[in-house]
Amino acid sequence: MIQFELASIDQISSRMKTFAHMDALADLPEYFEADVENGLGGKSGFPFKAAVFNMEQGTRLDKIIPFFRHHPKLQNVDIILANELDYGMKRSGNLHTTKELGKALGMNYAYGIEFITTKYKQNGDSQALHGNAILSKYPLYDVKLVHLPIEHEWYNMPNDSRLGVRMAVMAKIQPEPGREVGIVSVHLENRATPEGRKRQLIYLLEQVQAHFGRLPVLIGGDMNTNTVDGDAPGSMDVFLQNEAEQQRRMKIIPQLEPLMDCVKDYGYSYEDCNIMIKPTRRKPMPDGSTILLNLDWFFQKGLNCSKPERVETLLHLNELVNAPDALLQHDGFELSDHDAITVEVTF
């Protein structure tokens, strides 16, 4: 399990004055280590069902866990490519949310740190970590973390100063003897241009190729394909014109986000493993409105994918099988600001 002294956050912050970001983090080896647990699941065989789910910090874990257990489209998921999972943050009960999910769902996990908040003292955080994970009913091995090129410097955000960069977790599974699959959970930058996200993805795909070689690969995560420069003032105003503009952009993501063509250049496909036109993000705006965005994707190479689905993560009790009593008063509750997507996978 990843553990480090909170005082080291202050030490690294002081180094940021004179060192490049990743050089400053070099004195924190835990940042580069994956937290891996393989004692919770033991599945074998094909096919498997995978999900992508940005869990918005995991602050609603008490409802997300029964949602996975009782939703007919999620209760048989074998792999979760998860984004935005807290570890030791007061807002999520100072829990290791990935570990709690793994124990509750019978899934092994590999977790990596994306960000460390520098506001841990005022927040009451015990570890102050936030990251991405692979949860899997198959054992995970040959795990590696990939830290992506910086397209936005979060350390300079006055109210949300963070150490760390966007990143991915990679691991291998072996569903059958002699048959391995590479699995990747990634979170690209929202506060960047489409070209910036393409640069991050190219870097990731090069790392994936070096790590997995000729293996078939499934990549999934929050690609933040918002079609704009998310760091520009008023960048979301274009979506506020009307709902038709939101729908129009959702339909033409490959035209507006060059990373989609980049994926194909590296031999991956996405039409077979995604519903192409889908809202997966409900972004609240200061005026009380909500913008719908299409951000979450699977990319695959060397696999057969079928039955892609989107699972709305507003809690609708009539969709659950034998919903537990603890959920009865929470009909309509938002489990995350992202919806989940799923796909079935075989060779």
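How many residues does helix α6 have, and what distance does the helix reach from its first C-alpha to its last?

The model is predicted: local features need pLDDT of at least 70, side-chain atom pairs count only at pLDDT 80 or more, and totals for chains, interfaces and linings use all residues. Residues are numbered from 1 along each chain as its sequence is written, and side-chain values use heavy atoms, with hydrogens and water left out.

**View 1. Helix α6 and the residue that follows.** Helix α6 (residues 194-212) has 19 residues and reaches 26 Å from its first C-alpha to its last, close to the 27 Å expected at 1.5 Å a residue; the expected span is 1.5 Å times one less than the number of residues. Helices (H or I, at least four residues) and strands (E, at least two) are DSSP runs, numbered from the N terminus. Among the buried residues of α6 are Arg-197, Gln-200, Leu-204, Val-208 and Phe-212. Here buried means under 20% relative accessible area, exposed over 50%, and partly exposed in between (1.4 Å probe, protein chains only). Gly-213 follows α6 and has a positive phi, near 60 degrees.

View 2. Within α7 (residues 243-251), the residues Glu-245, Gln-246, Arg-249 and Met-250 are buried. Seen down the helix axis, the buried residues of α7 fall within an arc of 135 degrees, so they line one face of the helix; the arc is that of the directions from the helix axis to the C-beta atoms. Exposed residues Glu-243, Ala-244 and Lys-251 are carried on the face turned away from the buried side. The cover over the buried residues of α7 includes α8 (253-256) and β12 (290-293).

**View 3. Packing of helices α3 and α4.** Helix α3 (residues 61-70) packs against helix α4 (residues 97-105) at an angle of about 35 degrees, with their axes 10 Å apart. Axes are lines fitted to C-alpha atoms, for helices over the stretch in contact, and angles run from 0 to 180 degrees between N-to-C directions. From α3, Leu-61, Ile-64, Ile-65, Phe-68 and Arg-69 meet Thr-97, Glu-100, Leu-101, Ala-104 and Leu-105 of α4, contact meaning heavy atoms within 4.5 Å.

**View 4. Surroundings of Arg-60.** Arg-60 lies in the loop between β2 (48-57) and α3. At 18% relative accessibility, Arg-60 counts as buried. Leaving aside neighbours within four places in sequence, Arg-60 is in contact with Phe-333, Glu-334, Leu-335, Ser-336 and Asp-337.
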